[in-house]
Amino acid sequence: MKRFFIFSLLYLAVAMVVLHIFRENPAIQIYDALTRTIATLKAFAKYLPFILGVLVAIFMVTRSFAGKKVATEGAWALAGCLVFSISFTFMKTSLPYIVPFFADPLFADIDKAMHGGVDPWVLTHKLAPYIPANAVSTLYFVIWGLPAAFFPFLLAVTDSDEQRKKTYLILFAFVWIGLGNFTAYAGASVGPIYYDRLLGGDRFADLLGAVQSSGLADTKIGIVQNGLWHVFSNHSQMVGSGISAFPSVHNGVAALIMFYLFDRSKWLAPIGVIFCFAILFCSVYVGWHYAIDGYFSILAVGGAWWGLRKWNARKAVQPASPAWDAPGSTSPIPAE
């Protein structure tokens, strides 16, 4: 986890360069980010009893608990998570200053064509009478948010398999940086909920009405949606802010968790599948994403996961080098 912390510092260095090149008043933005990080730490403290409970459960099952090692690894991971979140915010909020949003009409048209000429949000809102708005808000922010922000920390304190931790740290970086930064530049878009605010017109006016009538607008989802647009339109800075629809980091993280639970236990795998599907559904239901945003992210994470598994399996079966290949050894094969 120390390497993850160092990686996060390097990521922060790159993000700072981007911030200074493309943004105005970077010092003010950095100060605001640090202030928000302190608030994030305070919020994280609420989950410490739950995390301690998980550690106790692991100890009861395995009867082994390397307390000092776990504490050290956890500290490095937690510090890395905080630095990583600041870095990602700087990169994400700088996106429209590097590549202006351009892809929404294309993604909206593809989405409609893929779903029989109907916008996917319309299909999801057919279930609105049966879906509690507060439950969606809790799932999308709290249940998703803890592993999303602190997945490396959870790895450090609950997983003793070093190879698996390495694999999923790579996937974690792939989701946030590979999808959330680099791929986002290639498909810069704001998503259905902001479509009309960006481009004008009323293409998604009915979506705004559906969000209002379903009760979502009165939950944290509505507050955050309006807040993100305020931050964007005022060229401000806030940890966790930034607008970018394609590809969906929400769904990328959900896929990451799904595959991780699959690797941990066959009993946990169904939970991962349900969680991944629920986040995909909610990301369209609340209007933040086109369905294609989620489809792409899940497939991309699945491809990366499969590739890493193949790579790890190949390394595991590679024969060890013969002893005489070691430096300073003498080969038993006679010289010609």
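Trainee: Which side chain meets Arg309 in a salt bridge?
Mentor: Asp263, at 2.8 Å from N to O. Keep in mind that this is a predicted model.

Trainee: Where do Arg309 and Asp263 lie?
Mentor: Arg309 is in helix α14 and Asp263 in helix α12, so the bridge ties together parts 46 residues apart in sequence.

Trainee: Buried or exposed, or partly exposed, for Arg309?
Mentor: Partly exposed, with a relative accessible area of 38%. Asp263 is also partly exposed, at 24%.

Trainee: How do α12 and α14 pack? What angle?
Mentor: About 35°, with the axes 8 Å apart. The crossing is right-handed.

Trainee: Which residues meet there?
Mentor: From α12, they include Leu256, Phe259 and Phe262; from α14, they include Ile298, Val301 and Trp305. The contact residues divide into 7 nonpolar, 5 polar and 2 charged.

Trainee: Changing topic. How many salt bridges does the structure hold?
Mentor: It holds 6. One of them joins Asp159 to Arg264, with the closest N and O atoms 3.5 Å apart. Asp159 lies in the loop between α7 and α8 and Arg264 in helix α12, so that pair links parts 105 residues apart in sequence.

Trainee: Why does Asp159 count as buried?
Mentor: Because its relative accessibility is 4%, and buried means under 20%. Arg264, at 33%, counts as partly exposed.

Trainee: And the largest nonpolar core, how many residues?
Mentor: It has 92 residues, and Tyr168, Trp176 and Trp288 have the most contacts inside it. Helix α7 gives the largest share, 15 residues.

Trainee: What does Trp176 touch?
Mentor: Leaving out residues up to four places away in sequence, its contacts include Phe84, Phe88, Trp144 and Val253.

Definitions and conventions
Residues are numbered from 1 along each chain as its sequence is written. This is a predicted model: local features need pLDDT of at least 70, side-chain atom pairs count only at pLDDT 80 or more; totals for chains, interfaces and linings use all residues. Side-chain values use heavy atoms; hydrogens and water are left out. Axes are lines fitted to C-alpha atoms, for helices over the stretch in contact, and angles run from 0 to 180 degrees between N-to-C directions. Helices (H or I, at least four residues) and strands (E, at least two) are DSSP runs, numbered from the N terminus. A crossing is left-handed if the near helix is turned anticlockwise from the far one by less than a right angle, and right-handed if clockwise. Contact means heavy atoms within 4.5 Å. Ala, Val, Leu, Ile, Met, Phe, Trp, Tyr, Cys and Pro count as nonpolar, Asp, Glu, Lys and Arg as charged, and the others, Gly among them, as polar. A nonpolar core is a set of buried Ala, Val, Leu, Ile, Met, Phe, Trp, Tyr and Cys residues joined through side-chain atoms within 4.5 Å. Buried means under 20% relative accessible area, exposed over 50%, partly exposed in between (1.4 Å probe, protein chains only). A salt bridge is a side-chain nitrogen of Lys or Arg within 4 Å of a carboxyl oxygen of Asp or Glu.
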